[in-house]
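Please keep the sequence and the structure in view while reading.

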Amino acid sequence: MLHRPQTLDAALALLSAGDAVILAGGTDIYPALRDRPPPAEMVDLSGITGLRGIGREGDSWRIGAATTWTEILHADLPPLFDGLKLAAREVGSVQIQNAGTVAGNICNASPAADGVPAFLALEAQIEVQGPGGTRCMAVEDFIRGPRMTRLDRSELVTAIYVPDSPGQGAFLKLGARKYLVISIAMVGAVVLAEGDRIAKARVAVGSCSPVACRLRDLETALAGISARDIAKAVSAAPLPELVPIGDVRATSHYRSDAARTLITRTLLQAMEARNVA
Amino acid sequence: MSLDAPGCRISFTLNGTEVSADSPATARLSQVLREKVGAKDVKVGCDAGDCGACTVLLDGAPVCACLTAAGQAEGRRIETQAGLVARDPHGRHLARAFQRHHAAQCGICTPGMMVSAVALLRSGGALTEQVVEDALGGVLCRCTGYRSIIAAVLDTADRPAETEGGVGAVIERIDGWAKVSGAEQFGDDVSPADALTLRVIRSPFHRAAFRFGDLDEFRDAAGLALILTAADVPGENRFGVIPGFEDQPVFASDETRFKGEAVAAVVGRPDLLDAMPDFPVSWSELPSNLAPDLAVAAPLLHADRAGNVMCRGYVARGNAKAALEGAAHVAAGEFSTGFIEHAYIEPEAASACRVGDRIEVQCCTQAPYMNRDGLARILGVSPDAVRIRPTATGGGFGSKLDLTAQPFVALAAWRLGRPVRVTYSRAESIATSTKRHPSQIRMEIGTDAEGRIVGARFDGSFNTGAYASWGPTVASRVPIHASGPYLTPNYEAKSAGIHTHTAPSGAFRGFGVPQSAVAQEQLYDEMAGKLEMDRLEFRYMNSLAAGQPTVTGQVFEQGVGIRACFEALRPHWQRALREVAACNVSSRPHRRCGVGIAGGWYGCGNTSMSNPSTIRAGITADARICLHQGAVDIGQGSNTVIAQIFAEALGVAVGDIVLIGADTDITPDAGKTSASRQTFISGAAAKLCGEALRRQILRLGNVGGGAKIHLRDGVIELSENGASHSVPLPEANAQGYALEAVESYDPPTTPLDQNGQGAPYAVFGSAAQMAELEVDCELGTVRLVRITAAHDVGRAINPALAQGQIEGGVAQGIGLALMEEFLPGRTENLHDYLIPTIGDVPPISSILIEGGDPHGPYGAKGLGEHCLIPTAPAILNAITHACGARIRDLPATPDRLRAAILSLRNGGGL
Ligand SMILES: Cc1cc2nc3c(=O)[nH]c(=O)nc-3n(C[C@H](O)[C@H](O)[C@H](O)COP(=O)(O)OP(=O)(O)OC[C@H]3O[C@@H](n4cnc5c(N)ncnc54)[C@H](O)[C@@H]3O)c2cc1C
Ligand code: FES
Ligand code: FES
């Protein structure tokens, strides 16, 4: 059974009533079925207009939970979001970007989700609504572990809030082929530059730990250094947050090594303030 | 609003028409479009978003129908390839452009490609290669190498395609319109509407013993029509492709020997199969061995094969040991390659109907007659009682030679007396289909002081998996080819096929030769380095020339093309060397450019074995020319090439020919589509057939050999010296033909002696390719810049088809070099098993060298497998040229390349 509620309240009522699975773009749910039939009951969010679109609310940007990657790519957003846009462009293929949603990416909580490091670098907040009302938490609090979130069965993610700030976003993904590829590692960053120096940087790495993570010590070490010295600072940093595994895509050793290169390059990309869109 | 099953109807607009379907709203939209509203132009290759074959436009935006809930389409607008070609100017334009550019080979990816391209063209933006790649990046193609697809999308002109031309003409694929218009029917597309569905129960372990519960009770409780196990096989419960090596059971009976092996099949209505509880089988996992080097001590897979050695191959000439001891320079090394999956986009599919005392099977296949004989043996009936009707085949590359799904449906339909269908899931296809043999190779080559090869020794071990399949062919082919196309006076090559508990290795474009070329061509680079010789000139100096013996002692006086290939590459090579030098001075230090080169050769047709093709043609009383062409076209173009050859020989236009087949009831045996034999062998038969029919017509009209044949309004008109008259046709025979000819061709070969000496092939084709690339030394990634491929094709019957084969082969070579490796139980989908996407194949320049051949029709040679052989070593050699690191264990994934670069630095290199 597929429910297609038109309002958030209707969706919440359906979720409270039983154990329906939330369906957005379906790009994680359907592949995960492998050869099994779909869940008996699903609540499709794609018909709820309030869950889509991007807008300004006070000091923040609000991204509706069911906003697709294609919509992110085409949205009129400041350079802060360039990293998120680059991540959007790297999600699978046009087909996947047209259907896949930002909340689906976060709620699926894959260690290789490309959106997560980009949102971490944006210090995004996740808005969750349920029978008990609305709560908000940082992305890193929301994702508890691989495939685990703080969401209750009767709750859903309604929006992602990104506090506005003047930085420049950047993102780099490393995969073994050009399109349709799961990241070996990826880095999201936001840099506030003063001339040739980093005033403030936020850096997050994915696919190198059970959950993508912010590198706060590195961020502290980066403050005040010039573009020239980024590589040195990155290679000197201990980066204990990165505990990659080895899998069919790459060895753990390679991931640790490549992550540093990617971090440096992503920061330089932000410094060069390349324009996307 | 809730969409509920049962009784729920989902309504949407399909290609402008309101339709509604009775279906659970959570079903995949692809399923509903195909099964409920007949939109079979929506293809399914993976059910996971990985292949893009199911792409449709949903309110104008491309999405994967396999990831869309049917209910999400309620009230929306869906457009598919067939609708777009029929109704949309962009769709119509693209269909024509795809035809002109030969952008559809097998055609299974074409719907996804064209639907994605329509969305791009509608967006109205500027068209660049990059934009096209981004738009089509979600659709995989395993045949074309993508370059012709990019060219087709970029081609905004609206020229008509060439439809006429004999030998040497670039004409469009004569069976191509179905592929570009959405009408083509592949294995699953022809399943009868009333067919029951079959699903296979497979081993979850690499090796296991098993016991069934009460199957009758289970069948009745689950409402199934039938359960099949080994006990239900009326004939022999085994099949295979090489006489004496038919060792694979349809259903395992004692124990299973690889993960995914079938033990039973269930047949019933699909909804009941979905709801079926766990099948009553209990497994006990047994110790298994996946590593060929441990096979000697491992449990025997087949009682009569000591040490798990399936068979060996051997070729020796002169005295290799002495020659290497006396050599001025020696290069030696060990190399390995992994399992490579064919990854055709169409998974195996078959359906069967019992017609009286005969069984008819429709399936995608490369070898209808071999399938027929194999099924007859399994069913315990005579081959005449089996009819194979091949459907369009959505890629084969060797794996659709073997029986796969056919025995299951044939057995079930035979028992039930009603049609039964099966289509493999992607996971099933990857887990159970044959693979390219993993190889472990040790090779040593030696030269004199001037750089002339004096000897080579080769020892290759090939993991043939649980069953023989084409393993014996690999074992015999490799020692014949491992010298490469070079004069090697002293030579010893050994090969062995080793059994392990993995999916069987079988035929895959090149039968082991691409693997041996990876070793041999890398050693040639190392040797050129020792000699401080230019790598091309070193190869050129050693290339076989007419009149020189191959390592089996065969001497060709004509048709030895390798020198011409290197000559053709020489200017490109020198340009590339200059460019690389300049690039490495100017660019950033971690990005290093390199260029690599490699040669290759391949004998067309079976090794030292009779492998005839027969072609039949007839002219009806109303002067229609019917060509019974049984050489299955799996995308490589045999329908077109053979028609062009036949038309040329008969002296008529291609458009005058009605193509019939393939079908074992109506086309004679044209052999299998493998070993690069169809253009050469079936082509030669088609030429003989066309000539024979021409002689009959000319005799009937009493005219000379130079007369022209015209078909006009149901009569044959002959013209000679300005005069023309029509020929009265005799009465039709029982087959409906007034005139008929049947001709066969079997290439002349001789058996090999105990040292592998003899004439194994009538024709060798050769090739040399060059790869230009850039290595990111910090990340170990490779960016290909260009591939230049020179191929000695003898004569290009249709140059566009030859180019298509080259580009497709190169793309597979890229995968072999850089990303592909099947790990049993771990990479059974198309996101863990990676093949090149549209963004991974650089521009490819093809150079066709037409040196002719005394045996091939109009001088044509085979080409299908040659294209792939030099690609991987050329890339690996270019990587070494760029960064110094040599990758001996494939694939050269970023982690392996980075590790090799680092160890080089730690060792003091660079
Ligand atoms: C071929 C292919 C390639 C891909 N490539 C990439 C890639 O390169 N990078 C990448 O990061 N991902 C990739 N993905 C994964 C996927 O596309 C993304 O994660 C996508 O963003 C998921 O969104 P969705 O809307 O399709 O999720 P769905 O499949 O609809 O849902 C995913 C999960 O999230 C839950 N959910 C969805 N929305 C909500 C909500 N609002 N509140 C609570 N729970 C919710 C669902 O219940 C489900 O558990 C790929 C997928 C495919 C099939
Ligand atoms: S079938 Fe949908 S993407 Fe492969
Ligand atoms: S033509 Fe693309 S997969 Fe065959």
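## A glycine and its surroundings

With 14 C-beta neighbours inside 10 Å, Gly529(B) counts as partly exposed, because a residue is called buried if 20 or more other C-beta atoms, placed from the backbone, lie within 10 Å of its own, exposed if 12 or fewer, and partly exposed in between. Gly529(B) belongs to helix H15 (residues 513-531) of chain B, where helices (H or I, at least four residues) and strands (E, at least two) are DSSP runs numbered from the N terminus. Between the C-alpha atoms of Gly529(B) and Gly138(B), which are 391 residues apart along the chain, the separation is 41 Å.

Residues are numbered from 1 along each chain as its sequence is written, and chains are lettered from A and ligands numbered from 1 in the order in which they are written. The model is predicted, and local features need pLDDT of at least 70, side-chain atom pairs count only at pLDDT 80 or more, and totals for chains, interfaces and linings use all residues.

| Site | Feature | Value |
|---|---|---|
| Gly661(B) and Ala662(B) | cis peptide bond | omega about 5° |
| Leu890(B) to Pro891(B) | cis peptide bond | omega near -5° |
| Leu239(A) | positive phi, not a glycine | phi about 50° |
| Asn721(B) | positive phi, not a glycine | phi about 50° |

Ala662(B) lies in the loop between strand E27 (657-660) and helix H19 (678-701) of chain B, while Pro891(B) is in the loop between H21 and H22 of chain B. Leu239(A), in the loop between helix H10 (230-236) and H11 of chain A, counts as buried because 20 C-beta neighbours lie inside 10 Å. Asn721(B), by contrast, sits in the loop between strand E29 (715-720) and strand E30 (723-727) of chain B and is exposed, with 9 other C-beta atoms within 10 Å.

Leaving aside residues up to four places away in sequence, Thr893(B) touches Ala176(A) and Met819(B), contact being taken as C-beta atoms, placed from the backbone, within 7 Å of each other.

H22(B) has 13 residues and spans 18 Å from its first C-alpha to its last, close to the 18 Å expected at 1.5 Å a residue, the expected span being 1.5 Å times one less than the number of residues. Its buried residues include Pro894(B), Leu897(B) and Ile901(B), and among the elements that cover the buried residues of H22(B) are H11 of chain A, strand E33 (781-792) of chain B and H21 of chain B.

Helix H6 (residues 147-154) of chain B is largely enclosed by the rest of the structure, because six of its eight residues are buried. The buried residues of H6(B) pack against elements of chain B including helix H3 (89-100), helix H20 (799-818) and strand E34 (844-849).

## Contacts between chains A and B

In chain A, 40 residues are in contact with 50 residues of chain B. On the chain A side, two or more residues each come from strand E1 (2-3), helix H2 (29-32), strand E3 (42-44), helix H5 (94-99) and helix H11 (252-272), and the largest share, five residues, comes from H5(A). By class, this side of chain A has 23 nonpolar, 10 polar and seven charged residues, where Ala, Val, Leu, Ile, Met, Phe, Trp, Tyr, Cys and Pro count as nonpolar, Asp, Glu, Lys and Arg as charged, and the others, Gly among them, as polar.

## The shell around ligand 1

Ligand 1 lies between chains A and B. It is surrounded by 34 residues, the closest being Gly25(A), Gly92(A), Gly100(A), Gly104(A) and Gly49(B), and a residue is near the ligand if its C-beta atom, placed from the backbone, lies within 6 Å of it. The largest share of this shell, five residues, comes from H6(A), and the shell residues divide into 19 nonpolar, 11 polar and four charged.

Key: Contact = placed C-beta atoms within 7 Å.
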